[in-house]
Amino acid sequence: MSSMQEKELSKYPQLQNFEQQTSVPKVYVVLGLGALYFFLVFFNIAGEFLVNTAGFALPAYWSMEAIFTMGKADDTQWLTYWVVYAFLTVFESMVNAVYWFPFYYTFKFVFIMYMALPQTQGAQVVFRTVMEPLFSRFFSGGASSENLKAQADKATGKSL
């Protein structure tokens with residue numbers, strides 16, 4: 001394990017205490033819990049609950065963190081995530097996807113992680129490739145971020 005990963009896991013006192021008490025390295029604990037989580041999702045043992053928890057809990061935490069930071073990039077990431085996640089949830093309930101697709105929760109879990117992880121910026125990719133072409137006609141002048149910024153600047157009297 002690299003020193004950067006060790007440093008990151010060392011931020012959590014619970015993992016430090018567990019490692020000291022059991023002599024099991026932190027990385028094994030994290031990998032084991034991750035494997036157990038994925039196993040339960042894969043075999044649909046409380047799959048809906050686990051996937052919804054992953055889809056709500058982590059992004060909610062990161063969204064709260066984004067609200068308390070001054071930068072705007074993370075706000076855009078999480079606003080986009082929640083719009084795409086809401087659209088996915090409504091679409092999923094309309095087509096009753098669980099009954100039509102085998103291993104649905106496994107695919108949904110991987111897709112949610114793709115959308116939620118800031119490293120992949122998957123929510124922005126999905127929004128720009130699927131939702132923006134579908135819904136931009138319902139917003140005056142389209143819904144591209146450049147156009148929305150230009151409209152906001154025009155409304156406030158700022159120049160680009």
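Helices here are DSSP runs of H or I with at least four residues, and strands are runs of E with at least two, both numbered from the N terminus. What we are looking at is a predicted model, in which local features need pLDDT of at least 70 and side-chain atom pairs count only at pLDDT 80 or more, while totals for chains, interfaces and linings use all residues. Residues are numbered from 1 along each chain as its sequence is written, and side-chain values use heavy atoms, with hydrogens and water left out.

Of its 23 lining residues, Leu9, Tyr12, Val30, Leu58 and Trp62 are the closest to the centre. Which helix gives the largest share of that lining? α3 does, with seven residues, and α1 (3-9), α3 (26-42), α4 (47-67) and α7 each supply at least two. By class the lining has 18 nonpolar, four polar and one charged residues, counting Ala, Val, Leu, Ile, Met, Phe, Trp, Tyr, Cys and Pro as nonpolar, Asp, Glu, Lys and Arg as charged, and the others, Gly among them, as polar.

Now to the packing of α7. With axes fitted to C-alpha atoms over the stretch in contact, and angles running from 0 to 180 degrees between N-to-C directions, α3 and α7 pack at about 135 degrees, their axes 7 Å apart. That makes α3 oblique to α7, since angles under 35 degrees count as roughly parallel, over 145 as roughly antiparallel, 65 to 115 as roughly perpendicular and the rest as oblique. The contact, meaning heavy atoms within 4.5 Å, joins Tyr37, Phe38, Val41 and Phe42 of α3 to Tyr105, Thr106, Phe109 and Val110 of α7; seven of these residues are nonpolar, one is polar and none is charged.

On α8 (residues 122-135), the angle with α7 (residues 104-116) is about 95 degrees and the axes are 5 Å apart, so the two are roughly perpendicular. Here Phe111, Tyr114 and Met115 of α7 meet Gly122, Ala123, Val125 and Val126 of α8, a set of six nonpolar, one polar and no charged residues.

Terms used. 1 Å grid on protein atoms, 1.4 Å probe; cavity = no way out; pocket = protein on both sides within 12 Å on 5 of 7 lines; lining within 4 Å.
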